Structures are given as structure tokens and as C-alpha cells.
Amino acid sequence: MKFSEITGNGQLKQTLVSMVDNGRVPHAILLYENDGGGAVPIALTFIQYLNCRHRHDGEPCGECPSCKQASKLIYPDTHYVFPVNKSTKVKDDKPTSESFVGLWRELVLDNPWFREEDLQETLGIEGKKGEIALQEAKNILNTMSLTPVADGYKAILCYLPEKMNATAANKLLKMVEEPPEKSVFVFITHSPEKMMQTIFSRCQSMRVLPLTRQEQALVSGSEKGDAELSAIAADMLNACVERNLLEALNVSETAAALPSREKQKDFLLCLSEIVRGIFLVQNSMEELLDLSEADARLCRKLAGVLRKAFCPNVSSAIDGTVRLLDRNVNSKMLFCDLVDRIFASI
């Protein structure tokens with residue numbers, strides 16, 4: 001893959017290229033993304049660029065042996081770490097990432113924009129708590145102590161380091177702080193605040209920005225799912241503004257009935273974007289709107305009837321709902337409470 005084939009985040013990609021070109025590669029990089037936000041293809045292309053023998057104009061060549069191996073996720077000095085648990089898909093009683101690496105490759109090659117729930121489904125650990133445990137840390141230390149197979153960088157790509165337990169993090173601390181020459185850790189997190197601070201503080205952190213609606217459409221090939229979630233968000237706001245509590249609660253039931261926690265968070269993201277749009281219209285920044293025409297019309301309509309304190313208050317309520325959803329609090333209770341908070345803000 002080439003950087004030009006990855007949608008969005010032009011500045012971040014340019015920064016990573018500059019690091020390599022100037023020989024100033026940090027020993028540990030932390031990419032903070034929203035779930036499915038594109039950090040995985042960016043990280044993989046960065047590592048490929050790092051090891052490409054004929055890179056040119058900020059892109060890996062795609063033709064040298066290193067690039068060809070990297071494109072198939074079989075470059076011998078790149079190792080993958082991610083949260084695991086027991087699964088019927090592997091025989092190991094104490095599985096590590098290595099137990100599932102074939103399934104990981106299949107998932108990433110099929111859809112590098114995958115989400116956490118996609119990984120859990122692929123590994124066969126739905127409904128279980130994935131973890132990066134002590135044995136994983138021991139495997140990393142052993143891997144990093146070996147002489148590189150190729151004449152390039154040895155890389156550890158760690159997906160969701162916030163799932164690493166304290167014992168494993170403490171075991172890795174010294175290696176993350178002072179890895180061998182020409183070695184790099186690339187961490188991809190959805191919740192940097194949940195990472196062990198000792199690991200977090202030793203990384204150079206970079207934000208992977210969420211894609212715009214148009215960019216999301218390029219990645220997914222369809223805007224249908226977004227439109228459905230936006231319609232639910234619009235119905236909720238309209239019902240609240242009209243002071244129709246029964247209808248607002250009915251909409252909250254619809255949101256809570258979405259098929260997964262990830263879909264429910266997608267709904268909250270759509271709701272948040274509309275609230276942001278209202279804020280922009282209220283503050284004469286309509287040119288920054290990045291919404292469908294239907295959502296933009298709704299923002300203009302509601303901006304004229306809502307007080308300016310509405311957007312900050314509701315944005316805070318939405319953020320709180322997302323945090324509690326991540327903690328597996330009952331979604332019906334959360335969305336009912338969210339409606340109550342929206343009502344109180346009008």
C-alpha cells in the first residue's frame with residue numbers, strides 16, 4: 001500500500017514520511033484513532049516505507065522484496081500484537097497474538113479499516129475480554145533480542161495497547177524506552193487515557209483525525225448506513241425541541257436497539273456532528289459545515305431556536321454517554337438519560 005492510497009490525514013502521513021527521510025524515527029510512536037479510523041493502514045505503510053529500499057517522492061516503491069513482503073504482511077521483521085482470549089479457532093489454552101496471526105492477516109488484507117468488533121469476530125472471541133498479557137510481553141522481548149532477518153527496521157505493531165495488563169506493561173517498559181538500534185514500536189489506541197502511563201509517556205503521540213463524511217464514503221463505498229443513523233439523530237433532536245417526550249423516548253429505544261455497541265457509538269457520532277453543525281451556524285461559521293444537505297438544513301433550523309449553551313451542554317452529555325457505553329452500561333438507560341439531558345439543555 002502507498003500513502004496516496006490511504007484516504008485522509010495528509011498532514012500525519014507527511015509527518016511520518018519526514019521522520020523517515022530525515023533519519024529521525026522515534027523509538028515508540030502512538031497513533032490515536034477513533035475505532036476504524038485508518039491508523040492500521042497508516043502504520044503498515046509507515047513501516048513499509050521505513051524498510052523500502054527504493055522509496056521515492058514520499059512513497060514506498062512497492063516493487064522491492066521488502067515492499068512485496070510487507071504488502072502481504074509477511075515481512076519477517078514486523079510483528080503484530082493485539083488483544084486475544086481463548087477461542088474455538090485455535091487450540092492453544094494460553095493463546096497469544098502469534099496463535100491468531102493468520103486470521104489477523106486475513107482480516108487486515110481484506111479490510112485494513114476494520115473495527116475492534118471485526119477483530120473480535122475474526123478471532124472468535126466475541127463477548128470475551130481481549131487482553132495483552134504477560135506471555136505476549138515475553139514474546140516481544142524475545143523477538144526484539146534476535147538479530148533482524150532483513151537489513152532494515154524491526155517493528156512491533158501493537159493494536160490496542162490499552163488492553164495490556166499492568167504486568168505485561170511493566171515487563172515491556174525498559175524495551176519500549178530503549179529498544180535495540182533500528183527498532184520501533186508503533187502503538188494504535190482508541191483510548192489513550194486507559195493506557196499504562198509508563199508506556200504512554202515514552203511514546204511520541206499523533207492523532208489520526210476522523211474522516212469527513214465524503215472521505216468515509218470513499219472508504220466504505222456507501223453512505224446508506226450513515227444516512228440511517230443521521231435520521232435517528234435528527235428525529236431525536238426534533239422530538240426534544242418540540243418538547244415531545246414520548247416521541248423522544250421512542251427514538252431513544254430505536255437507538256438502543258441498534259445491533260451492536262459500535263453502531264450505537266456511530267449513532268452518537270452522528271448526533272455529535274449535528275450538534276457541532278448547530279454550533280457552527282450559531283457562530284457564523286457555516287462554511288465549515290461538513291454534513292449532508294438534510295443535516296445542514298436541520299442545523300440551520302435548530303440554530304435559530306436553541307440557546308447558545310445548548311451545544312456545549314449536549315456535546316458533554318454525548319461524550320459522557322460514549323464513555324459509559326464503553327463500560328457496558330445498559331444502553332436503554334443511557335439513551336433515556338441522554339434524552340433527559342437534551343431536554344434540560346433546551
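The legends below describe an overall view and several close-up views of a predicted model.

Figure 1. Taken along the principal axes, the box filled by the C-alpha atoms is roughly 65 × 45 × 35 Å. Of the 346 residues, 51% count as buried. The accessible surface comes to about 16800 Å², and carbon and sulfur atoms hold 49% of that surface. Among contacts with a separation of 6 or more, 75% are between residues 24 or more positions apart.

**Figure 2. The largest cavity and the residues that line it.** How many cavities of 30 Å³ or more does the count give? The count comes to one. The volume of the largest cavity is about 80 Å³. Its lining is made up of Leu-44, Ile-47, Gln-48, Asn-51, Ser-66, Ala-70, Tyr-75, Thr-78 and Tyr-80. Helix H2 (39-51), helix H3 (65-71) and strand S2 (78-81) each give at least two residues to this lining. Helix H2 supplies the largest share, four residues. Sorted by type, the lining has five nonpolar residues, four polar residues and no charged residues.

**Figure 3. Asn-51, a residue of helix H2 in the lining of the largest cavity.** Is Asn-51 buried or exposed? Its relative accessibility is 6%, and because buried means under 20%, Asn-51 counts as buried. Neighbours within four places in sequence are left aside in the contacts given here. Asn-51 is then in contact with Ser-66, Tyr-75, Gly-152 and Tyr-153.

Figure 4. Strand S2, helix H4 (101-110) and helix H6 (134-145) are the elements that give two or more residues to the lining. By type, the lining of the second largest pocket divides into nine nonpolar, five polar and three charged residues.

**Figure 5. Arg-243, a residue with a positive phi.** Most residues other than glycine have a negative phi. Arg-243 is not a glycine, yet its phi is about 60°. Where does Arg-243 lie? Arg-243 is in the loop between helix H10 (224-241) and helix H11 (245-256). Its relative accessibility is 46%, and Arg-243 therefore counts as partly exposed, the class between under 20% and over 50%.

**Figure 6. Ser-284, another residue with a positive phi.** The phi of Ser-284, a residue other than glycine, is near 55°. Which two helices stand on either side of the loop that holds Ser-284? The loop lies between helix H12 (261-282) and helix H13 (293-303). Ser-284 has a relative accessible area of 65%, so it counts as exposed, a class that begins over 50%.

Technical notes:
Residues are numbered from 1 along each chain as its sequence is written. This is a predicted model: local features need pLDDT of at least 70, side-chain atom pairs count only at pLDDT 80 or more; totals for chains, interfaces and linings use all residues. Side-chain values use heavy atoms; hydrogens and water are left out. On a 1 Å grid over the protein atoms alone, a cavity is a set of points where a 1.4 Å probe fits but cannot get out, and a pocket is an open set with protein on both sides within 12 Å along at least five of seven lines; lining residues have an atom within 4 Å of a point. Grid points are joined across faces, edges and corners, and a volume is the space filled by probe spheres set on the points. Ala, Val, Leu, Ile, Met, Phe, Trp, Tyr, Cys and Pro count as nonpolar, Asp, Glu, Lys and Arg as charged, and the others, Gly among them, as polar. Buried means under 20% relative accessible area, exposed over 50%, partly exposed in between (1.4 Å probe, protein chains only). Contact means heavy atoms within 4.5 Å. Accessible areas come from the Shrake-Rupley method with a 1.4 Å probe; for residues, only the protein chains shown count as cover.
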